[in-house]
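Hi there,

Here is the structure I promised to pass on to you. Have a look at it first, and then read on for what turned up.

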Amino acid sequence: MSIEVRHLTHTYGEGSALSTVALNDISFTIQEGEFVGIVGHTGSGKSTLVQHLNGLLKPTSGQVLVDGEDLNGEKVNRRVLRQRIGLVFQYPEYQLFEETVAKDIAFGPKNQGLSTAKIDARVHHAMESVHLDYQKYAEKSPFELSGGQMRRVAIAGVLAMAPKVLILDEPTAGLDPRGRDRILSMLEELRDREHTTILMVSHSMEDMARLATRLLVIAEGKLVADDTPRAVFARPDLLTRIGLDVPEAAKLCAALRGKGYDLPPDLYRMEEVRNALLALWKGADPC
């Protein structure tokens with residue numbers, strides 16, 4: 001399943017005195033199985049962009065194509081396409097409302113008209129995917145859970161609809177380190193075990209360094225970079241100019257290079273820096 005964005009422009013309040021261009025002529029293609037990070041400063045247009053990818057917003061101009069079909073075409077079944085692209089908003093736990101965890105997760109599959117047996121299977125699988133034991137949590141109220149657990153229930157509700165693409169807007173926002181790590185581990189498993197196509201909006205360069213295989217960098221509504229994390233993080237001047245940072249490992253690598261250590265300039269993970277230092281140490285003159 002592919003998503004192609006062609007010359008996407010979105011203007012809020014078009015034609016009014018308060019019109020604001022949120023996205024300006026953005027184009028890119030997402031292929032099946034990719035883990036794409038979307039980064040940019042607050043107000044850059046990231047959230048506006050992802051709301052176009054399952055049809056919540058319509059372009060002012062341009063197109064969003066899902067497997068070659070225009071998401072906003074007159075004859076397209078937008079309801080079916082939306083079911084194939086799951087969108088998890090910021091703080092999705094605020095949207096929980098059912099009396100039990102299982103009922104909340106089952107809400108989407110019920111609206112898809114599935115049989116009871118299929119709904120139960122979807123709920124079991126979704127809870128397993130987000131590391132929540134069915135026997136322990138299914139009949140609990142979601143409001144009895146911790147913030148991180150509630151976040152995982154909300155994500156499970158989207159996964160239960162069996163989307164081909166999962167889009168998450170700041171999925172670790174507001175979580176403590178343990179809750180954040182659980183969410184990231186869950187996403188790693190979805191990518192590696194189920195080959196889910198994932199797009200993730202985040203301010204955290206550490207999260208992107210850990211998970212993303214590709215980065216889209218948005219600034220003032222424009223796509224200013226579309227490349228691997230290694231290539232993007234090797235351009236700290238670009239990121240600094242638009243109010244972003246680089247991972248701590250990239251900062252450490254730059255500092256060590258400044259001290260004379262012969263390290264590659266594009267390291268951005270701590271294990272890479274460690275391994276490079278060990279290689280230098282092993283190759284050093286013992287005298």
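**Pockets and a sheet**

Helix α4 (residues 116-129) gives four residues to the lining of the second largest pocket, the largest share of that lining. Please keep in mind that this is a predicted model.

That second largest pocket has a volume of about 260 Å³. It is lined by 15 residues, and A162, P163, K164, E194 and T196 are the closest to its centre. By type, the lining of the second largest pocket divides into six nonpolar, five polar and four charged residues.

The largest pocket holds about 710 Å³ of space. Its lining is made up of 25 residues, with L87, Q95, G157, V158 and M161 nearest the centre. Two or more lining residues come from each of α2 (78-84), β6 (85-88), α3 (101-111) and α6 (147-159). Of these, α3 provides the largest share, five residues. In the lining of the largest pocket, 14 residues are nonpolar, eight are polar and three are charged.

There is also a sheet to look at. It is open and has four strands in the order β2-β1-β4-β5, with antiparallel pairing. Both β2 (20-30) and β5 (69-70) are at the edges with a single partner strand each, so one side of each has no neighbour in the sheet. As for β5, two bridges join it to strand β4 (residues 61-66), and the two run antiparallel.

Enjoy exploring it!

Best wishes

Key:
Residues numbered from 1 in each chain as written. Predicted model: local features only at pLDDT ≥ 70, side-chain atom pairs only at ≥ 80, totals over all residues. Heavy atoms only, no water. 1 Å grid on protein atoms, 1.4 Å probe; cavity = no way out; pocket = protein on both sides within 12 Å on 5 of 7 lines; lining within 4 Å. Points joined across faces, edges and corners; volume = space filled by probe spheres on them. Nonpolar A, V, L, I, M, F, W, Y, C, P; charged D, E, K, R; others polar. Pairing = 2+ DSSP bridges.
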